[in-house]
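Take a walk through this protein chain, one part at a time. Keep the sequence beside you as you read.

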Amino acid sequence: TLDDGGLGQLCDLVPNFAVAFPLLSLRVRNADNPFRDGISSMEKVGSAAKRLRNLFHVLFESLCLAGRPVLLALDDLQWSSKSSVMEDVADFVVNYVYDASRVSPGSLLCRRGLLIAGTFRNNEVKEGDHLIKHINSMKESGRANITMLNIEKLSEFEVAKLVSEKLCLPLRYTQKLSNLVHGKTRGNPFFVIQFLRSIVQNNMMWFSVKYRRWMWDCDTVDVQMISDGVAELLTTTFNRLSPTLMLTLKIVSCLGSQVEESTIDVLDSRNEVLSFDMKNELPRAIKEGIMEKAGPVYQFTHDIVYQTIYDLIPSDNRNLLHKTIGKNLLKSVVANNPTILLLAVDQINLFCKGGNPTDPEECSFFADSNVTAAKIAISASSLVQARSYIDTGIQLLREDHWQTQYSLSLDLFEMSASVSCMLGDIDKMPNVLDEILSNSKSFDDNLKASSFVVKLLASSSKFNEARSNCLAILSNLGELFPEDVSLPVVLEQLSLTTRATLRNITRNQIKMLPPMTNRNKLNAMKFLNMLCMYSNISKPMMLPLLSCRMVQLTMEYGFCDDSIVGLATAGYSVFNYTDDIQLASQMGKLSESLIEESPKKHVLRSRLCNELVSLLKSIAEPIHSVLPLYPELYNSAMQVGDVENAMICRWSYIAASLWIGATDLYSVSKHLVLCIKEATKYQQDTVLKSAMVNLNACAYLSGRPATEISVKSYDELIDIGTKTNSAFLLGQIFMHRLALHFWMREYTEVAELSEKHAEMNPSFSQQRRILNIYRTLFEGIVYLTLARDTKQTKWKVLGKKAVNWMSQLESMSAWNYENKSILLQAEFHYLEGDLESAESAYQASIKSAHVHKFIPEEALACELYGVFCVENQMIDKGHIQLHLALEKYRLWGATNKANQLQLFIDLVEPRYLQKLKLLED
């Protein structure tokens, strides 16, 4: 699905959408423009270009699934290197014709019903050009039938046959003429037609009434024409036209190969370009076969005709003509019409390109016109066109423009930085931003450029530098925060008083707040939003301070879009660093309701995908019902061009499926491979490395390593995480290594790994992220087992802590945590010697895990219950439970784990058989 902003962009890109679907124009009339002025806290580098590509994909996916064949005709692709059209087509064919369910594990989907017909001139395309590379990539993918048709020139026989049929005469009568025609035109079909028309118009061929057939004199035709004079042929034809028609054609050729009737009306209404009405001359051009009309559009019958007429205008006159046309269109009463204004500026820019305007006032006027045109192009998502206007505007500035044209210079360079950010042109951004920051006169004037600097740093994974820049900017805005934060400071920030304030915030209270209007505070909220984003990756303990301040600013100065980010992040912080799970869930629900009512729903869902769904929403709601939300979040992120968060959503879906056992390990591995390939394509390194961490775990548990791609080992990934200072990646590796040791019952290694990690990362255990729930389960079982084996009090204390926290989670969601809590209680009862309560709890945990569809945890509960029975001389019960665990592990696809359990069963088996024999005796 698309939001109204996306529909609006499609209507801008394909205007006939609004005509074909009139209801669309009503929906998009008041849609929010994603490319508004000001600082955007949630738009990332390159997101606009990616958003457009996603719109293209959504459009064609919809067409392919509509049940009706669709033809996409792309003409003159030899000029496509200046746009991304062919790249988008190739990407769609390679990645979307066959789509292995882009988000969720599922069946391979084949999209049919689309025929793409593209044409290009092979004499204007070289082998290494982008067009050829894209065509070859589609061929190599094997996912579409690619047929190349080379349209050759007409052969002598084909020309002879054409002349014979047109003149209604046998071939033997027309052979000499057809040979002459072929020699003059070299078999070009258009030239053949023009040549035959010219010799009729010049009375070199005539129809004889006496002989009732066409007659001609080949010698006359041969003498009159030269062999390579096709352009001369057309010129000769055009020189026969009346002066007024020829002037009209020259004016129209300046406007391009086609022109709308309304543009002609505008020029005619001023009568400054010509003293007569051009509209009266155009029917004669149609009669002469020079132009044709399709609806309100006049166009030349061939681009060679257009080019020939345009070339007939002397270059000096041509430049002045472009200038005259442009200025007249700008002065017209309909100059506020975006189409007319863009056409006017295009004419001005052609004049500037062909000449060298020297009048300072005129140059300033033209530069200002380019600013207006660029804004229109940006709002219509024509980003490459917008860049052209901006570059021309900058070229028209004076040498001392920062002193004499400060506002205009600031506008142009800020727009240049903005468009570069939208296109993801990180090579061009630094120079433009340096120009602004070196010449801006005030802090307010360089604020927008500073926001782009921060985004540029983040796009290069320089999160610490981005964070430092944000802190410096916030300091100038009156918001002071420490560079480093300790756990005591975090806990003080999330004191009972702060949490009481958060608990009293209601939806109605937020809705009653006025809009935030204080400019300084609005900018502070935007930079706080960005700082939260980067701190979550590089300095998570900053989040409580930042989010609580955002909530304070909202309650004091009013509501803005960034307020929702503050509320959600505050809830996220409460969950990570306190035991107030109920408040965290309350904040999550409040944020979600505000997002659903916001016109920027997709932007906010993309920005908060991690905070809301992967954490706050999964606290209280069944995790299996939360999983389907990841595809929705993926689509929201792709709609706004946030490929980074889209990929995080895709990876999170697969990772969650791995941890809860929503699907078997083989399927998870298969989709992790697809995820890694897509992350490689989009250069999303965080997701790429995290998926490799998951894939290593799948390979170890299943005993089936991935062979389709190269996967780095845990040691290699640890080196990468250490060098890049990626707390996120190192945390992922730690959790998966801990889990593998646990599943293989290497409990001593689990305790040692956990203790070592806690010493090196003291704040990690305080951050109650989703993985830490499983860490609590695994460590709790390990600690209680070690307490039984070693009789050491410290293990019992740690185990009891895990039991208490899991019980608290159970009170929030029985579906998600009941089986885990009961299993820990069973282990604790076993430690305390309450065997009856322990057995009852094991059985309840198995039942709960089965009902709530946690296959790995059901297998774990069966295994632990089986071990409990064996250790307490209930061999028959233990034998049954161990085999049930074996069955569940195999169902999950954990072959390696099943083999390890089988070894234990083999040790138990003789005792079981011995007991059976005693019973039989």
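A residue counts as buried when its relative accessible area is under 20%, and as exposed when that area is over 50%. Asn 694 has a relative accessibility of 1%, so Asn 694 is buried. Keep in mind that this is a predicted model. Asn 694 belongs to helix H38, which covers residues 685–702. What does Asn 694 touch, leaving out residues up to four places away in sequence? The list is Trp 651, Ala 655, Leu 658, Leu 672, Gln 732 and His 736.

Now step back to the whole chain. There are 921 residues, and 53% of them count as buried. The chain has 48 helices and nine strands. Take the contacts between residues at least 6 apart in sequence: 67% of these join residues at least 24 apart.

Leu 241 sits in the loop between helix H11 (230–239) and helix H12 (243–255). Is Leu 241 buried or exposed? Its relative accessibility is 11%, so Leu 241 counts as buried. Set aside the neighbours within four places in sequence, and Leu 241 contacts Met 246, Leu 249, Glu 288 and Ile 290. Look at Glu 288. Leu 241 and Glu 288 are 47 residues apart along the chain, yet their C-alpha atoms are separated by 9.1 Å.

Other loop residues are exposed. Cys 168 lies in the loop between helix H7 (156–167) and helix H8 (171–185). With a relative accessible area of 67%, Cys 168 is exposed. Check the backbone too. Most residues other than glycine have a negative phi. Cys 168 is not a glycine, but its phi is positive, at about 55°. Lys 791 also has a positive phi without being a glycine, at about 60°. Find Lys 791 in the loop between helix H42 (770–790) and helix H43 (793–812). Lys 791 is exposed, with a relative accessible area of 67%.

Next, helices in pairs. Two packed helices are described by the angle between their axes and the distance between the axes. Start with helix H30 (residues 561–577) and helix H31 (residues 581–597). Their axes are 8 Å apart, and the helices pack at an angle of about 160°. That angle makes H30 roughly antiparallel to H31. H30 passes H31 in a left-handed crossing. From H30, the contact includes Ile 564, Leu 567 and Val 574. From H31, the contact includes Met 587, Leu 590 and Leu 594. How many residues of each class make up this contact of H30 with H31? There are 13 nonpolar, two polar and no charged residues.

Turn to helix H21 (residues 406–423) and helix H23 (residues 447–459). Their axes come within 10 Å and cross at roughly 25°. So H21 is roughly parallel to H23. This crossing of H21 past H23 is left-handed. H21 brings Glu 414, Ala 417, Ser 418 and Cys 421 to the contact, while H23 brings Lys 448, Phe 452 and Lys 455. By class, the contact of H21 with H23 has three nonpolar, one polar and three charged residues.

Now the strands. Strands of a sheet pair through backbone hydrogen bonds, either parallel or antiparallel. Three strands make an open sheet with antiparallel pairing, in the order E7-E9-E8. Strand E7 (258–260) and E8 are at the edges with a single partner strand each, so one side of each has no neighbour in the sheet. From one strand to the next, the twist averages 20°.

Follow the pairs. Three bridges join E7 to E9, and Gln 258 has Gln 299 in E9 as its bridge partner. Strand E8 (residues 291–294) and strand E9 (residues 297–300) are joined by four bridges. Here Met 291 stands opposite Phe 300 in E9. E8 and E9 form a hairpin, with two residues between them. Gly 295, in the turn, has a positive phi of about 65°.

For a parallel pair, go to strand E1 (residues 70–74). Five bridges join E1 to strand E4 (residues 114–118), and the two run parallel. Val 70 stands opposite Leu 114 in E4. In a regular strand the side chains alternate between the two faces of the sheet. Which residues of E1 form its covered face? They are Val 70, Leu 72 and Leu 74, whereas Leu 71 and Ala 73 form the uncovered face.

Notes:
Residues numbered from 1 in each chain as written. Predicted model: local features only at pLDDT ≥ 70, side-chain atom pairs only at ≥ 80, totals over all residues. Heavy atoms only, no water. Axes fitted to C-alpha atoms, helices over the stretch in contact; angles between N-to-C directions. Parallel < 35°, antiparallel > 145°, perpendicular 65-115°, else oblique. Left-handed = near helix turned anticlockwise from the far one by under 90°. Contact = heavy atoms within 4.5 Å. Nonpolar A, V, L, I, M, F, W, Y, C, P; charged D, E, K, R; others polar. Pairing = 2+ DSSP bridges. Buried < 20%, exposed > 50% of the residue type's maximum accessible area, 1.4 Å probe, protein only.
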